[in-house]
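Thanks for coming. I have one structure to show today, and I will keep it short.

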Amino acid sequence: ANKVLNATDLGLPEQDELAKKAKAMDARWTDLFEGKLSVDEVKSLATDSKSFANAVLTATDAEKARLLDIMMAQDFQDLTGQFTKKVVATNKT
């Protein structure tokens with residue numbers, strides 16, 4: 001349970017930060033489509049969009065690793081529970 005909670009505690013702030021950056025990026029793209037950006041701002045948006053895409057790729061890899069850790073922790077707990085049930089059942093007979 002601790003492993004699952006720790007992985008979740010690590011992942012939530014990172015996901016919140018990505019969502020915050022995505023919202024800001026979306027607002028900038030809306031400004032672009034409405035013709036509100038200068039040429040320099042468009043160049044900056046393109047550079048920032050590429051950086052954001054790379055950050056999302058990195059965060060996705062980290063999140064996949066955390067989800068795998070959670071899955072493995074749950075599998076271990078399930079196996080431990082099954083083993084405990086068998087030991088208790090064996091001892092009852």
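This is a predicted model: local features need pLDDT of at least 70, side-chain atom pairs count only at pLDDT 80 or more; totals for chains, interfaces and linings use all residues.

Let me start with helix α1. Helix α1 covers residues 2-33, which is 32 residues. From its first C-alpha to its last, helix α1 reaches 46 Å, close to the 46 Å expected at 1.5 Å a residue. Which residues of α1 are buried? They are V4, A7, G11, L18 and M25. After α1 comes G35, and the phi of G35 is positive, near 75°. The other helix I will talk about is α2, which takes in residues 39-92.

Now the salt bridges. How many salt bridges does the structure hold? The count is 4, and I will describe some of them.

Take E14 and R66. These two form a salt bridge, with the closest N and O atoms 2.8 Å apart. E14 lies in helix α1 and R66 in helix α2, so this pair ties together parts that are 52 residues apart in sequence. How covered are the two partners? E14 has 35% relative accessibility, so E14 counts as partly exposed. R66 has 10% relative accessibility, and on that basis R66 counts as buried; the cut-off for buried is under 20%.

R66 has another partner, E63. In the salt bridge between R66 and E63, the closest N and O atoms are 2.8 Å apart. R66 and E63 are separated by about one helical turn, because they are 3 residues apart in helix α2. Salt bridges that share partners therefore join E14, E63 and R66 into one network.

Next, K36 and E34. The side chains of K36 and E34 meet in a salt bridge at 2.9 Å, N to O. K36 is exposed, with a relative accessible area of 54%. E34, at 49% relative accessibility, counts as partly exposed, since exposed means over 50%.

Last, the surface patch. Which residues make the nonpolar surface patch? L68, M71 and M72 do, and the patch is about 290 Å². L68 has its place in helix α2. With 45% relative accessibility, L68 counts as partly exposed.

To recap, E14 in helix α1 pairs with R66 in helix α2, E63 belongs to that network too, and L68, M71 and M72 make a nonpolar patch. That is what I have.

Note on methods
Residues are numbered from 1 along each chain as its sequence is written. Side-chain values use heavy atoms; hydrogens and water are left out. Patches are made of residues with over 30% relative accessible area and no salt bridge: like charges are joined within 9 Å, nonpolar side chains (Val, Leu, Ile, Met, Phe, Trp, Tyr) within 5 Å. Accessible areas come from the Shrake-Rupley method with a 1.4 Å probe; for residues, only the protein chains shown count as cover. Helices (H or I, at least four residues) and strands (E, at least two) are DSSP runs, numbered from the N terminus. Buried means under 20% relative accessible area, exposed over 50%, partly exposed in between (1.4 Å probe, protein chains only). The expected span of a helix is 1.5 Å times one less than its number of residues.
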